[in-house]
Protein chains: 2
Amino acid sequence: METHDSGLHGNEGDTADTDDTADTGTNNTRAASAHSTIDFTDLTAALRGRFVTERSIVSLYETDSSRAVFSGEALGVVLATSAEDVASALGWAHARNIPVSVRGAGTGLVGGATAYDGGLIVSLERMNRIVEIAPQDRLATVQPGVITADLDAAAHEHGLFFPPDPASVHTCTVGGNIATNAGGLRCVAHGVTSDWVAALTVVLADGRVLRTGARTRKNVVGYDLTRLFVGSEGTLGVIVEAVVRLESLPEGDPVTFWADFDGLAAAGSAVTDIVASPSRPEVLELLDAFTVRAIEEVFPSGMRIPAGALLVGQTVGPHAAAHAEAILTLCEANGATESAIAADDSLVEARRKSNPALSARGLKIACDVGVPVSRLAEMFAGVAEISEQHGIEVASVAHAGDGNLHCKVAAPDTPSGIAAADALIDDITRLALSLDGTITGEHGIGQVKQHELPWQLDEVAIDVQRAIKDALDPRGILTPGRGI
Amino acid sequence: METHDSGLHGNEGDTADTDDTADTGTNNTRAASAHSTIDFTDLTAALRGRFVTERSIVSLYETDSSRAVFSGEALGVVLATSAEDVASALGWAHARNIPVSVRGAGTGLVGGATAYDGGLIVSLERMNRIVEIAPQDRLATVQPGVITADLDAAAHEHGLFFPPDPASVHTCTVGGNIATNAGGLRCVAHGVTSDWVAALTVVLADGRVLRTGARTRKNVVGYDLTRLFVGSEGTLGVIVEAVVRLESLPEGDPVTFWADFDGLAAAGSAVTDIVASPSRPEVLELLDAFTVRAIEEVFPSGMRIPAGALLVGQTVGPHAAAHAEAILTLCEANGATESAIAADDSLVEARRKSNPALSARGLKIACDVGVPVSRLAEMFAGVAEISEQHGIEVASVAHAGDGNLHCKVAAPDTPSGIAAADALIDDITRLALSLDGTITGEHGIGQVKQHELPWQLDEVAIDVQRAIKDALDPRGILTPGRGI
């Protein structure tokens with residue numbers, strides 16, 4: 001991990017040899033000049049115009065969608081179009097102990113793709129080809145930069161779909177989903193991204209190419225390296241191709257249902273009962289009144305504001321309506337003040353806007369904790385208590401069927417304001433752990449949650465994680481100091 | 001891996017110090033005398049009567065259910081009753097570079113649990129307690145020695161079940177299922193064992209205790225160590241507790257259907273169509289006429305012998321009958337000579353007896369290959385060709401819905417007879433790989449498939465696997481020389 005600040009910073013000065021072989025004019029003097037000891041000759045020879053050092057371009061690739069702060073300058077960005085490009089880039093960086101950040105669409109929320117000062121950026125956005133869809137085996141082969149919704153749409157043409165659907169599905173990439181083991185709204189029915197990855201092609205830290213997994217339903221040859229790379233947040237290798245599983249589209253239209261509750265704790269009890277029942281929803285989301293109000297204010301659509309919380313979900317398949325009715329009965333038994341089948345799916349679409357709506361209202365500091373579904377009511381009661389103790393209002397949105405909560409708080413843009421918000425989020429995170437939970441359900445660790453890691457993992461677990469990191473990336477060039 | 005033959009063999013002779021602290025009389029002189037340089041004092045002090053060296057007992061733990069041959073003598077067997085026992089055993093072996101074999105019920109089919117000459121055996125059969133069932137979260141906490149069918153039965157009391165069901169479900173253990181990532185008949189509907197493991201407690205090679213995973217549905221903290229240990233065949237650590245997921249029992253009784261075909265290739269085409277259809281069966285098994293005849297001869301129940309192949313399966317849930325009818329229509333479209341809904345599930349029960357029936361008929365040499373379901377017809381056609389080329393009859397049983405084939409052949413008990421059978425199995429295995437398949441779908445590598453490993457994994461993949469093994473077990477004491 002020591003490569004991050006490993007003396008890569010030269011003085012502003014001569015830039016001649018860095019630009020010698022450039023053929024596109026996109027290399028400029030500013031970045032190279034900040035790190036003038038680096039010789040880019042081999043890299044530009046291998047990548048030609050696909051290695052870019054122009055500051056106005058590079059800077060676009062230096063941050064992600066999190067509040068992680070980047071200061072400094074990356075050496076440049078590799079706009080890879082092939083596995084060979086990625087191998088050239090990593091081989092070059094490996095030989096020079098240069099840190100590498102990896103990115104798809106930059107929609108990550110924890111600073112996993114933020115650049116390193118003096119580091120190389122590998123962007124996979126141009127590797128956006130759906131290589132093959134094999135409907136009989138329900139498999140798709142994709143490059144990492146494919147937009148998730150595009151893969152889903154292509155699968156639809158064969159009567160199939162790609163179940164993982166993070167809220168950013170229209171902008172995020174499949175490679176990023178795999179690197180972070182992304183979740184989403186449909187996990188309650190279909191599991192997380194790792195459940196849908198059959199095989200990977202990965203460029204290792206030293207530029208070698210690794211193939212994992214198989215196209216078969218069962219495969220027990222060696223350790224499950226596919227699952228090891230899923231969720232590894234760019235710290236073990238760069239995914240350059242994936243074989244993902246697809247699922248048959250359910251018959252008929254989804255049925256959307258909703259229920260209002262006086263408070264989150266009662267809604268949480270309802271969720272526990274629903275998940276334990278045979279009426280499994282495909283989507284089961286919980287929003288507190290604050291969040292619903294924010295959505296309605298920022299994206300007006302006529303949503304009614306509940307007294308305490310709105311539970312909204314969908315059922316699918318031939319028995320969708322009967323399952324939705326059974327779920328509403330459980331809601332009523334748990335004290336829902338009003339509940340109904342909705343005429344359309346606009347409530348689910350509105351829920352997808354909660355993040356931008358809360359951000360627009362200034363609530364940018366968030367957590368991504370998870371608890372067993374049976375502990376949801378306790379969790380919500382605890383969050384209310386913590387909010388009161390800190391005197392800061394908390395907005396809660398939950399993939400409730402998974403027990404995955406995103407609590408968001410506002411913070412004045414001052415060091416003390418941010419510190420107060422962080423302290424509150426820390427308390428919520430510790431509460432989740434005390435309820436057999438997790439510090440992150442779907443966003444990952446990245447930079448933002450680094451300090452929380454020892455709260456969940458003990459010394460032995462961290463040791464083992466680091467031993468694996470060291471085994472696969474002994475020079476620590478891949479996304480160093482993050483993830484684990 | 002060099003510890004296997006690391007000079008542990010002393011001469012027959014003085015055994016005094018090995019028995020000093022024994023308090024049960026189960027230590028005897030024979031085993032210790034073969035390895036008289038080993039001092040058992042610390043081990044017997046920690047484990048008392050739970051460390052056994054009596055040959056008549058130890059020999060029961062030296063082989064598994066495979067054709068792997070064990071020669072030599074293990075030092076003794078640890079009949080562990082707790083994680084502490086396992087930690088004591090591994091800590092002791094680690095300090096002395098002594099190889100360790102690990103076993104549940106010894107039902108493995110690839111020699112993964114065979115003992116090492118001069119090695120220690122850790123048996124987990126006494127750690128057979130179901131610690132907790134949490135129906136609201138659909139989780140069970142179990143010790144590794146719990147019989148798989150016992151866990152399933154306990155889950156039934158809560159309206160739940162444990163989906164993994166290898167054919168040996170009534171004798172195998174959950175720990176063994178996890179260590180081998182076991183499959184079974186219901187995988188076509190529910191996936192493999194790794195899909196049902198939420199968290200593990202593992203004793204590492206040096207005796208430290210590692211906790212992986214979480215009780216939450218989503219958890220993206222660090223690398224997925226749970227999935228890394230599932231299927232690691234005793235080479236990375238010893239699983240001493242597991243939190244496994246349970247599923248709701250489907251409503252109503254299962255519906256059993258069957259179809260006869262003139263040959264396996266036609267039946268394979270039917271399976272491809274069934275799996276691609278929305279009528280997903282819970283079980284979909286294919287048996288050739290030779291196998292059906294063997295079952296009927298060894299366990300007579302009045303089964304009709306098909307001309308070429310029998311496809312048998314089950315559907316479950318509220319639409320079980322309609323799904324079964326849709327499947328029969330697909331069978332007829334693919335040339336089924338006769339097909340029907342069965343009056344009971346006796347055909348599925350009969351299928352579970354195929355392995356003992358074929359073994360009773362002398363067909364003991366088997367493969368466990370897998371292919372994508374779309375390649376099943378090609379695979380069966382190729383197996384018929386290989387059988388003809390070698391002049392040896394092949395019996396085929398397949399978890400057809402997963403594309404997972406167990407082809408079995410008879411071999412006269414002579415070196416040349418066994419070599420001829422092995423050569424045929426090798427050809428079938430290479431055929432599966434040429435069809436994008438795998439050398440093992442559910443049995444694992446163990447000792448028996450070690451030579452096939454480089455057929456599927458290239459040098460980079462093997463390098464990465466070994467790097468992980470070396471990182472977690474640097475002295476190579478855990479199941480050395482097997483698995484990867």
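Q: In strand 6 of chain B, which residue is the bridge partner of B:Ile133?
A: In strand 6 of chain B, B:Ile133 has B:Ala140 as its bridge partner. The model is predicted, so local features need pLDDT of at least 70 and side-chain atom pairs count only at pLDDT 80 or more, while totals for chains, interfaces and linings use all residues. Residues are numbered from 1 along each chain as its sequence is written, chains are lettered from A and ligands numbered from 1 in the order in which they are written, and side-chain values use heavy atoms, with hydrogens and water left out.

Q: What makes strand 5 and strand 6 of chain B a pair?
A: Two strands pair if DSSP finds at least two bridges between them. Strand 5 (residues 130–134) and strand 6 of chain B have four bridges in the antiparallel sense, and therefore meet that condition. Four residues lie between the strands of this hairpin, where B:Arg138 takes a positive phi near 50°.

Q: How do you know that strand 6 of chain B is joined to strand 10 of chain B?
A: Strand 6 and strand 10 (residues 237–245) of chain B run antiparallel and are joined by four bridges. Opposite B:Val142 stands B:Ala242, in strand 10 of chain B.

Q: Why is B:His443 called buried?
A: Buried means under 20% relative accessible area, exposed means over 50%, and partly exposed lies in between (1.4 Å probe, protein chains only). B:His443 has a relative accessibility of 18%, and therefore counts as buried. B:His443 belongs to the loop between helix 16 (415–434) and helix 17 (453–456) of chain B. Residues up to four places away in sequence aside, B:His443 touches A:Val220, B:Leu109, B:Val110, B:Asp368, B:His406 and B:Lys449, a touch being heavy atoms within 4.5 Å.

Q: Why is A:Gly213 called partly exposed?
A: The relative accessible area of A:Gly213 is 38%, so A:Gly213 is classed as partly exposed. A:Gly213 is placed in strand 9 of chain A. Among the residues that A:Gly213 touches are A:Ala198 and A:Asn219. A:Ala198 is 15 residues away along the chain, and its C-alpha atom is 5.8 Å from that of A:Gly213.

Q: What makes B:Glu247 and A:Arg280 a salt bridge?
A: A salt bridge is a side-chain nitrogen of Lys or Arg within 4 Å of a carboxyl oxygen of Asp or Glu. For B:Glu247 and A:Arg280 the closest N and O atoms are 2.4 Å apart, so the pair qualifies. Between chain A and chain B the count is twelve salt bridges.

Q: What is the area buried between chain A and chain B, and how many residues are in contact?
A: Buried area is the accessible area (1.4 Å probe) that two parts lose on being put together, summed over both. Between chain A and chain B this area is about 6200 Å², with 57% from carbon and sulfur atoms. In chain A, the residues that lose the most area to chain B are A:Lys218, A:Val220 and A:Tyr223, together 16% of what that side buries. The contact joins 82 residues of chain A to 82 residues of chain B.

Q: What makes strand 19 of chain B mostly covered, and which strands pair with it?
A: Six of the seven residues of strand 19 (residues 404–410) of chain B are buried. Strand 16 (residues 363–366) of chain B is joined to strand 19 by three antiparallel bridges, with B:Ala366 opposite B:Lys408. Strand 17 (residues 369–370) of chain B pairs with strand 19 over two bridges, in the antiparallel sense, and B:Val369 has B:Leu405 as its partner. Strand 18 (residues 394–399) of chain B pairs with strand 19 over six bridges, also antiparallel.
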